[in-house]
Amino acid sequence: MEPRLLHRVTGAVATVVIHHPARRNAMTADMWRALPPLLDTLAADPAVRALVLTGEGGTFCAGADLTELRQSTAKTQELAVLAEEALAAFPGPTLAAVQGYCVGGGAQLAAACDLRFAEEGALFGVTPAKLGIVYPSSATRRLTALVGPATAKYLLYSGDLIDTGRALRTGLVDEVLPAGALRARVAEFTDVLAARSRLTQAAAKEFADGRTDRDAYWAAQARASGEAAEGVAAYVERREPRFAWLPAGPAVPGSPGPAPEPAPTPE
């Protein structure tokens, strides 16, 4: 099978799979191009409440395909940044499920997700210093916000790989799971996310990402939505809440690219 992005929607959770096992799921130019329109499609699906990004088989993503970097480093970086920003802007909660290598562009994608769960034995690295590449400013700022300046500089200056223990201590990952337990934990947690208020999640995502001009908008949304009344009623009545708020308007279109091919998430 050619390098591509696979996806499926199960219940309220969309899963996107990076599929290029011959090169440890390295991202080709076509794969970078395909991610923004795929995310637009999934964001426009009212059934999708959360998104998981993962890799084929036993590894997440080893970065950009180096055979293409030889042709145009600048173009590959441009495509990677567009994909990263599209992932960061996805309206619902996003989670990177990491096994094996999460390096270079793979770490860039993982950092653009809201959360990262990793299986023991995974390795993380930000490796532009090994190639003489200037890491994109957006990715550098996002990494620094996630792990702090000292750890960001350690990763960027050295290009060294770190294990899940250090990744957890520095905030690069949120949970580390024993071998064989990642998939079940991700399914369990995304079911939790899908049951929570989209209104709360959407506002929290904007605020946590630093937006400061939408306080009045979200206050008005909260007043009009009835979400709080439903949440309190469900608590008093000892039932699951039925949150009904939906984001207004279609997703912002992303970069053009080849249509991704639906397929089941690999085991």
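Tutor: Happy to! On a 1 Å grid over the protein atoms alone, a cavity is a set of points where a 1.4 Å probe fits but cannot get out, and lining residues have an atom within 4 Å of a point. Grid points are joined across faces, edges and corners, and a volume is the space filled by probe spheres set on the points. The model is predicted, so local features need pLDDT of at least 70 and side-chain atom pairs pLDDT 80 or more, while totals for chains, interfaces and linings use all residues. Residues are numbered from 1 along each chain as its sequence is written, and side-chain values use heavy atoms, leaving out hydrogens and water.

The structure holds 1 cavity of 30 Å³ or more, and the volume of the largest cavity is about 110 Å³. Its lining is made of 15 residues, with A107, A111, V126, L143 and L172 nearest the centre. By class, that lining has 10 nonpolar (Ala, Val, Leu, Ile, Met, Phe, Trp, Tyr, Cys and Pro), 3 charged (Asp, Glu, Lys and Arg) and 2 polar residues (the others, Gly among them).

Which elements contribute? At least two lining residues each come from α4 (105-112), β7 (123-125) and α5; helices are DSSP runs of H or I with at least four residues, strands runs of E with at least two, numbered from the N terminus. The largest share, 4 residues, belongs to α4.

Now follow L143: in α5, T140, L143, T144 and V147 meet P149, T151, A152, L155 and L156 of α6, where contact means heavy atoms within 4.5 Å. This contact has 6 nonpolar, 3 polar and no charged residues.

Definitions and conventions
On a 1 Å grid over the protein atoms alone, a cavity is a set of points where a 1.4 Å probe fits but cannot get out, and a pocket is an open set with protein on both sides within 12 Å along at least five of seven lines; lining residues have an atom within 4 Å of a point.
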